Amino acid sequence: MSRRVIVIGGGAAGLIAAGRAAEVGADVIVLEKMREAGKKILVSGQERCNITNSAPLDKFLAHYGRNGRFLRNAFHRFFRDELLALLARYRVETQEERGGRIFPASGQAGDVRDALLHYATTHHAEIRYRAEVQRLLVEDGEILGVELANGARIPAHAVILATGGASWPATGSTGDGYRMAQEAGHTIVPLRPALVPLTVVERGLAKTLQGVSLRNVACTFYTRKGDGPTKALRIPYPMPPTARLSSPQAGEILFTHFGVSGPLILTASLAAVDALRDGATVTLSIDLKPGMTTQEVHMRLQREFEENAHRRLPNLLKGWVPATLADALAGLSGISADGSPELTAGRPVHTIRAEERARLVALLKDFRWQISGSLPLASGMVTAGGVTLKEVHPVSFESRLVRGLHIAGETLDIAADTGGFNLQAAFSTGYLAGEHAGSEVEREADG
Ligand SMILES: Cc1cc2nc3c(=O)[nH]c(=O)nc-3n(C[C@H](O)[C@H](O)[C@H](O)COP(=O)(O)OP(=O)(O)OC[C@H]3O[C@@H](n4cnc5c(N)ncnc54)[C@H](O)[C@@H]3O)c2cc1C
């Protein structure tokens, strides 16, 4: 009898694992609990699937934060070029876009999912839908097979756990793999949402600004624990691409009814979530004019005040920021002669005193928000945390605790920022898990 490999989960990691295991000669069964495979691939990249990124290896690895080192070995064996060549074999041509992001040229995420399905089935992998795995069958440190939710047991020589994370549960990833791995003895690094919108204390203001998108601003997060010093929060990922923007740190943010989102916020979100979990307060400072120094903002504002002496403040500010924000800033600056609501935002600029103008400058350069939390795990684009990498071989993705069990994709403690990095990790770990589970190679030496 040929070697049987069961793949739990028909997502990005599971499908490529199944294809590779079958390609190297194994008898492969994919058990997918949904009615169709790769539902998360279908929603990825706004349904266009940002497959990977053209960044060179070292820069690429930086997008995984601290755990990027773990992927170096895997990427030496199966990286972007190998992935794109494989997809091309199944007629998926690709194109590169801003920030090195690589998408299928068709603009259809479905083409990527179908290519992976084709890869698996061409090599005779069997895909069973609505087949939910309940637990791993482990005896004496060795995998024996799996048990389905309906109680049926399927024996196997190797099992690849590729159940994804716990985000976007409607796509099928409901965190089952963490429980199964834990039952098999694995340590789970606490799960946290990553690439997730953040909530703010100033809900009323956020609601007012809901829908306002700022394309050329810079963000700095500050943390403070107890009576300790205020520190700039270290964001473990490089900030998003900045081409054509006025400052190297500039990028896009979006106000929502609960707080802030957009690329700059998503990239920083895990660090902010972790700081809050650590008991720190987190403050966001938005520099609305990152291309100008405070002094330059001051001088330009002064000049505009002189040239437009009879204009009302919000109208003048509309030349600086979107209209809704201009109104809000005029109000927040507290520029008011007697505190009456009409005057608060509406004084002609020639009546504004130097110290009032200084408050406005401060707001434009340091628009502060207090971060109260984030949307829940289910709303993050990826789940940070998962099976600790210490318990998994970095080439075969075989468990160090259970022989014959391989773990791939988001179930591992890997979370990258946006740009195609999460899918590349799922593809590389899945491919190698499939290769090693499918061929009876001996357990690789560590490292
Ligand atoms: C909206 C959105 C957009 C994204 N866009 C991008 C992008 O453009 N580029 C990028 O790199 N990353 C993107 N990501 C992240 C990326 O999609 C995931 O990191 C990646 O899909 C993880 O692959 P995976 O195979 O580990 O898990 P998944 O793709 O989630 O697959 C897991 C599979 O396991 C199945 N399963 C779960 N439990 C069981 C069980 N008990 N029994 C049987 N089957 C089970 C699930 O149904 C699912 O099919 C995006 C994520 C989201 C939510």
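Visitor: Which residues come nearest to the ligand, and how many residues are around it?

Guide: This is a predicted model. There are 36 residues around the ligand, and Ala13, Glu32, Asp176, Glu410 and Leu423 come nearest.

Visitor: How much of the ligand's accessible area does the protein cover?

Guide: On its own the ligand has 1000 Å² of accessible area, of which the protein covers 97%. Helices H1 (12–23), H2 (39–47), H7 (176–183) and H15 (421–438) are the elements that each give two or more residues to the shell around the ligand.

Visitor: Why is the pair of Phe70 and Phe397 called edge-to-face?

Guide: The two ring centres are 5.8 Å apart, and the angle between the planes is 75°. Phe70 lies in the loop between helix H3 (57–62) and helix H4 (72–77), and Phe397 in the loop between strand E19 (382–387) and strand E20 (405–407), so the pair ties together parts that are 327 residues apart in sequence.

Visitor: How do you know whether Phe70 and Phe397 are buried or exposed?

Guide: The relative accessible area is 14% for Phe70 and 0% for Phe397. Buried means under 20%, so both residues are buried.

Visitor: Why is the pair of Tyr90 and Tyr119 called tilted?

Guide: Their ring centres are 5.7 Å apart and their planes stand at 55°. Tyr90 is in the loop between helix H5 (80–89) and E4, whereas Tyr119 is in helix H6 (residues 109–122), 29 residues apart.

Visitor: What makes Arg48 a charge over a ring?

Guide: The charged end of Arg48 sits over the ring of Phe103, 4.1 Å from its centre; the distance limit is 6 Å. Arg300 is placed over the ring of Trp320 in this way, with its charged end 4.3 Å from the ring centre.

Visitor: How do you know that E4 and strand E5 are paired?

Guide: Two strands pair if there are at least two bridges between them, and 3 bridges join E4 to E5 (residues 101–104), so they pair; they run antiparallel. Glu96 stands opposite Ile102 in E5.

Visitor: Why are E3 and E4 said to stand at the edges of their sheet?

Guide: The open sheet has 3 strands in the order E3-E5-E4. Strand E3 (52–53) and strand E4 (94–96) each have a single partner strand, so one side of each is left without a neighbour in the sheet.

Visitor: Which strands pair with E10 in the parallel sense?

Guide: Strand E1 (residues 4–8) is joined to E10 by 4 bridges, with Ile160 as the bridge partner of Val7. E20 pairs with E10 over 3 bridges, and there Val159 stands opposite Leu405.

Definitions and conventions
Residues are numbered from 1 along each chain as its sequence is written. This is a predicted model: local features need pLDDT of at least 70, side-chain atom pairs count only at pLDDT 80 or more; totals for chains, interfaces and linings use all residues. Side-chain values use heavy atoms; hydrogens and water are left out. Rings of Phe, Tyr and Trp (its six-membered ring) pair if their centres lie within 6.5 Å; planes under 30 degrees apart count as stacked, over 60 as edge-to-face and the rest as tilted. Buried means under 20% relative accessible area, exposed over 50%, partly exposed in between (1.4 Å probe, protein chains only). A charge sits over a ring if NZ of Lys or CZ of Arg is within 6 Å of the ring centre and within 35 degrees of the ring normal. A residue is near a molecule or strand if one of its heavy atoms lies within 4 Å of it. Accessible areas come from the Shrake-Rupley method with a 1.4 Å probe; for residues, only the protein chains shown count as cover.
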